[in-house]
Amino acid sequence: MSDYILRVKEISKSFSGVKALDNIHFDLKKGEVHALMGENGAGKSTFMKILIGLVAPDSGEVLLEGENLIGSNVNDTLKKGISMIHQEILIIPELTVAQNIFLGREREVSGKNGLLSGWLNDSEINRQAAALLDKMGVNIAPKAKMKHLSVAQMQMVEIAKAISNNAKVIIMDEPTSAISDKEVGTLFQIIRDLKAQGVSIIYISHKMDEIFQVSDTITVLRDGKYIGTKSAAELDQNALIAMMVGREIDQMFPEATQVFGQELLSVKNLGRAGKFSNISFNVKSGEILGLAGLMGAGRTEIARAIFGLDPWDEGEISIKQSPLRARTPREAIDRGIGYVSEDRKGLGFIPRMSVKDNITLSSMNNHRKGGLINTHSEQSVTEKMIADLKIKTAGTGQHVTYLSGGNQQKVVIGKVLLASPEIIILDEPTRGVDVGAKFEIYKLIRSLADQGMAIIMISSELPEILGLSDRILVLSKGKQTALLSKAEATQELIMRYAVA
Amino acid sequence: NQSSNKESGEGGGDKLVIGATMLSMQNEFIVNVSDAMEAKAREMGVELITVDAERSALKQVEQVESFIGQGVDAIIMNPCEVEASSPAVKLAMDAKIPIINVNSETSAKPTAFVGSDDTESARIAMKYIAEKLGGKGNVLMMHGFMGQAAQIRRDNGAKEILKANPGLKLLAEQTGEWDRAKGMSLTENWIQSYGDKINAIFAQNDEMGMGAVKALEAAGLKGKVLVVSVDAIPDALQAVRKGTLDATVFQNAKEQGGKAIETAVKAAKKEAFEKEVLIPFQLVDKGNVERFLK
Amino acid sequence: MNKFSKLAQYGIFLAFALICLVLALSTPKFFTVSNLLIIGNQVSINALLAFGVTFVIITGGIDLSLGSMVAVTGVAAASFAHPDTYPLIVPLLVGLGAGSAMGAFNGLVITQSKVPPFIVTLGTMTIGRGLALILSKGRPVSNLSDEFNFIGGGNIAGIPFPIVILLIAFAVCSVVLNKTILGRYMYAVGGNEPAARASGIRVSRVKMWVYTICGLLSALGGILLTSRITTGQPNAGAGFELDAIAAAIIGGTSTSGGTGTMTGTLIGALLIGVISNSLDLLNVTSYYQQVVMGVIIIGAVVLDGVGKKD
Amino acid sequence: MNKFSKLAQYGIFLAFALICLVLALSTPKFFTVSNLLIIGNQVSINALLAFGVTFVIITGGIDLSLGSMVAVTGVAAASFAHPDTYPLIVPLLVGLGAGSAMGAFNGLVITQSKVPPFIVTLGTMTIGRGLALILSKGRPVSNLSDEFNFIGGGNIAGIPFPIVILLIAFAVCSVVLNKTILGRYMYAVGGNEPAARASGIRVSRVKMWVYTICGLLSALGGILLTSRITTGQPNAGAGFELDAIAAAIIGGTSTSGGTGTMTGTLIGALLIGVISNSLDLLNVTSYYQQVVMGVIIIGAVVLDGVGKKD
Ligand SMILES: Nc1ncnc2c1ncn2[C@@H]1O[C@H](COP(=O)(O)OP(=O)(O)OP(=O)(O)O)[C@@H](O)[C@H]1O
Ligand SMILES: Nc1ncnc2c1ncn2[C@@H]1O[C@H](COP(=O)(O)OP(=O)(O)OP(=O)(O)O)[C@@H](O)[C@H]1O
Ligand SMILES: [Mg+2]
Ligand SMILES: [Mg+2]
């Protein structure tokens, strides 16, 4: 009994009448990695926020080494030895990496008492941050401003922050959703070290292979209810998926048909100073082109340039042989390009607008009626899209901010589809999306290609790239290093070109 | 030493420079004073630098400091406040630059004063009301910006007369912030509250008085309520002629401005000058309004 | 608008109803037809400006130049409104044109430079005030034609004309905000500007529209004011911007952009108007009026917040 | 502060230097010691308020009650500063205490209710104005002791005392912002409030501090003003809030929170002061002054933006 460090009993929580968590039980052993699994919207993050003291539960008990934590605020729980890597990146953009890592703990670091206890000791903060990042094997300058980092680098800083707290329990809510394999390797090494020191870890991820790599125990939630806890050794992928979604998924990737039509998009010698250079490729109707590369390879930058979000310096982009001129998102959309960004929250949707208003935002011209909006056509189009994409929402009027990550992603895809694109660029389309929804999205991507669209898919998950792409363009440090056919591509080959 | 510092105009280097700081160039009466000063300065061949204190005593003190720094030959100040503008007078006196107060006073004694006493204007207006009502009736008073010198003095003057006429009852007093639209709204609201009980309204300036007239006209009460205000701006004079405004109190802007420049020039040249030039107020009603219309 | 945000508005609506009830009980003069019409009349100008600034705030901007635009447009219109000079349409077009031009200038600077709206409109606030004084040479422009004065002073079937204008403007603004694509884009731009851009919305164009509309509504307010007091005052409208912004925020428009409704803003404007009317009716000493006004405004919004809690 | 943000400040610094250069060339009176001291003296009050509001804006808030706090604290201090009544420390403590209390009240309402800072401080702006009038019965409080008047009017070795206070306040505010944990938390709260909260920062406490400090600095400004004009003026300080906020934003503090420096704010305040001083020196007609002032302020910030572009 006493080897449980954290015990949770009968936690329930409702948001405006809707039950997000219903009578949850959870026990965490000392020194174990305990995976928490469930579909998007199952209540995992809400549960974790209750543990850390950011959300107050309606009822229930949280005991850390026998001490009840209910009523404690974040400040207390952090001090008592729980720390958390949040699902959404929570950083202060204007502060430096080191300042972010030790935010809230400046007093401990400065080591000063009495009158000087309010004084900052930034040289010590920088020194400790440098040591920490070095020990983790992460190459980020402690004095760099946070806002100048890539999302992946920000995520590594968040990891550093959580482990620097010397916590007994570390919650990791989708820590790998924005980082590439190399950093995942780094993280897993850290997790093993922590485990050896007796630290307990709650690990949340939608990446199945990770779960079986790191976890000792797995607990599954579904629709806010506790489903069960099993030792990782007892389970295999299919059994786990069945526990999560309540049914089995046999084949993850749909069959490719491989009949391509005319060339829709062609990119010639595209370059942007300091970001990428000499990029040339084309995509045909019905084809899925995968863009592979390590974090920071410049894939997102290329996508943004094509879509008109960023300028470019040299080269040409043509749609059906005629070049882009205005180089704005409006032109791109009008010419038939759709873009699903990797930055869902920043570029994807308007949080405080309804599902309907978001989903029709790029195609409002289809809902014009004598100068006013035709709400009827909007409503019916939205309902159809919700049904087609199986979006889980309380209704067309629900604010997108209250949807779970996977469903937010579907809303963004729906918006892009409604603008009737011929070319769709999907940047990390399944980031943070649960297995069930991932499967839906794969089917959707393939069916779009089958309908004659040209698809560019950027992904850091190699199985996804391999499973779905007809051709694969590999990038390394802003340069294109290979264009592989489906037949010749293997995980090892892609990696070889990605580090070239 | 100051003449070497002076801006040399086309005519040569010896032109006298006078710095003037005005209460507010958004106030029609003050603009008239300023125009009169400008005209007189041109006539006398002196350079006049006019700045706007925008009703802030602090700004006024700073402007006088700047004038001293620039080494002007004389300063004319149209004070924002009795007390708060006084440090400016002291600064100028200490720097041995003559300073002439125009239009209103400060508690510190300047080199000379040209103008009239605001308290008197309110006395004149209220006396007129007392007379017309036969010493008996209900009066409403509309104040300017609370706490400003003109508001305080016009309040004092009016209250003096009210005290002397126990038959006059002050039903209510509120601020209309010198503003016509605010004066109009306030009167509309008063009409709701007091309706027929109102016999007279004293507005501390013509702008508010004109607003009161508009509201009374709209309510069909104009014939029954006496409205008197202060300043004699052109609009108010027109209204007096038409009979919508019963009376206003004329303050001679032209005379004040001209005399201020004359006095400043004399003081700068160290010639003899009058230490106090008082320019009297005059009541304007239907009987004598033609004299004041250009 | 979905159910949730409609519910959120009940808060301020209830606060408003409560205050009206208290007033009706404390003075019988409050709930008379004539007094309600007076309030409507007095509220109209602030409400027009508040509608304009609601658009701006929804897109995440701010406009501090409203008051100056009232002055410039009022003076400009008045200059063409003397009796027997131009037909009525001329001063109206001049005023509305001047307001739209100033608004468009705000929009142009804001979209073309990286200067925050606060500074740009603070600058045009000062510039506008100067322009109004230059145009009028610092003196009120009076002697206006009767037709012009009807706009602010006349009645239609016993309803003051400003109230008629107010209601029409309210209807039009509500439709623009809720039923047109432009309105939808305003919410999108204020809700998440990068996402709006990535959705193909021409953000600069939306902002240009919004500041221009705000200028146009300020001009309407300026014309109404000028006509009501039968003079173009170069110093008119000082401080109006704060009242208008207050009305919008009291009505639930968030300064961070992306939310707000015209109904909320109308209630906000009415709330301010009702309080200042009734403080006069109750003859509260003017010093205390200010204290009471401040307390009630904060109180109403606190009440609103309580209503919103889940 | 790292190199990048230092560079970003060069923009406004260069704009400022450029304007000074133009002025120095157009009038020889500009670059005299006496004129520079005058400018420093004139800038001091606005700069103090701007320092206070910089803290507030960095946390993502706003304070519109600065001007009213100047009036209340000035009147309160003046009431205890008559000659031969209390020692000098009493009016100072009364003024500073009143300012801190009002600031703390702002902070309390903002953190305890869900009312946006704009509305809360607009409310206290009105309330404060009323309080100042009530305290002073609507009349200036004059006849103050010589020691009290020294604060705003005296010199130390030829340097006006307000400049000395300004420099000390600048040093202290810079240290608080850059060298203390409180300062760090201000940036964090304004930069990303949920992230600050998740890091265990007590956001409400930080906000309480910030509004209280802003009240304290306003009180310092109020005391300086009162002493300078040797009167506690109940209507003093009207409109000061906009100038102070403008100084902060011109100096690079973003209204969306999380950025800003005291050096920037100081330059912003100096810029405003220098322009208004030199427009007087150049004898620009007052109406045109406003236009020029507006154009230069927008222009300076445009220039700043150009400097910032990468
Ligand atoms: N503040 C809130 N207000 C209303 N509903 C909320 C709020 N926060 C969460 N929810 C709802 O609670 C449910 C659980 O959300 P939660 O974020 O915990 O899911 P999750 O399991 O972490 O999903 P994902 O895998 O997508 O991150 C969802 O239906 C979500 O819409
Ligand atoms: N705002 C920024 N400021 C500075 N550098 C940036 C910024 N955004 C991205 N970078 C850098 O630009 C490079 C290219 O980033 P990009 O996001 O295009 O990479 P990517 O190949 O799409 O990788 P990812 O898998 O992370 O999406 C990276 O080195 C990144 O650190
Ligand atoms: Mg989650
Ligand atoms: Mg990317």
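Which residues is Tyr211(C) in contact with, leaving aside its neighbours within four places in sequence? The first legend takes that up; keep in mind that the whole model is predicted.

**View 1. Tyr211(C) and the residues around it.** Tyr211(C) belongs to helix α10 of chain C, which covers residues 203–228. With a relative accessible area of 1%, Tyr211(C) counts as buried, because buried means under 20%. Once neighbours within four places in sequence are set aside, its contacts are Val56(C), Gly61(C), Ile62(C), Asp63(C), Gly103(C), Asn106(C), Gly107(C), Ile110(C), Pro117(C) and Thr121(C). Have a look at Gly99(C) too: 112 residues separate Gly99(C) from Tyr211(C) in sequence, yet their C-alpha atoms are 10.0 Å apart in space.

**View 2. Ser117(A) in a loop of chain A.** Here we are in the loop between α4 (106–110) and α5 (122–136) of chain A, where Ser117(A) is found. Is Ser117(A) buried or exposed? Ser117(A) is buried, at a relative accessible area of 16%. Apart from neighbours within four places in sequence, Ser117(A) is in contact with Arg107(A), Lys112(A) and, over in chain D, Ile181(D).

**View 3. Helix α7 of chain B packs with helix α2 of chain C.** Two packed helices are described by the angle between their axes and the distance between the axes. For α7(B) (residues 180–194) and α2(C) (residues 33–58), the angle is about 170 degrees and the axes are 10 Å apart. That makes the two helices roughly antiparallel, because the label goes to angles over 145 degrees. On the α7(B) side, Ser185(B), Glu188(B), Asn189(B) and Gln192(B) make the contact, and α2(C) brings Ser34(C), Asn35(C), Ile38(C) and Gln42(C). Sort these residues and you get six polar, one nonpolar and one charged.

**View 4. Phe55(D) in the largest nonpolar core.** This core has 267 residues, and Phe55(D) is one of those with the most contacts inside it, along with others including Ile76(B), Phe51(C) and Met186(D). Beyond its neighbours within four places in sequence, Phe55(D) is in contact with Cys173(D), Val176(D), Leu177(D), Met186(D), Val210(D), Ile213(D), Leu217(D) and Met262(D). There is also a second, separate core of 53 residues, with Leu149(A), Ala152(A), Ile190(A) and Val214(A) among them.

**View 5. Chain B meets chain D.** Chain B puts 32 residues into this contact and chain D puts in 27. About 2400 Å² of area is buried between the two chains, with carbon and sulfur atoms giving 48% of it. On the chain B side, Leu58(B), Gln70(B) and Glu83(B) lose the most area to chain D, together 22% of what that side buries.

Key. Residues are numbered from 1 along each chain as its sequence is written. Chains are lettered from A and ligands numbered from 1 in the order in which they are written. This is a predicted model: local features need pLDDT of at least 70, side-chain atom pairs count only at pLDDT 80 or more; totals for chains, interfaces and linings use all residues. Side-chain values use heavy atoms; hydrogens and water are left out. A nonpolar core is a set of buried Ala, Val, Leu, Ile, Met, Phe, Trp, Tyr and Cys residues joined through side-chain atoms within 4.5 Å. Buried means under 20% relative accessible area, exposed over 50%, partly exposed in between (1.4 Å probe, protein chains only). Contact means heavy atoms within 4.5 Å. Axes are lines fitted to C-alpha atoms, for helices over the stretch in contact, and angles run from 0 to 180 degrees between N-to-C directions. Helices (H or I, at least four residues) and strands (E, at least two) are DSSP runs, numbered from the N terminus. Angles under 35 degrees count as roughly parallel, over 145 as roughly antiparallel, 65 to 115 as roughly perpendicular and the rest as oblique. Ala, Val, Leu, Ile, Met, Phe, Trp, Tyr, Cys and Pro count as nonpolar, Asp, Glu, Lys and Arg as charged, and the others, Gly among them, as polar. Buried area is the accessible area (1.4 Å probe) that two parts lose on being put together, summed over both.
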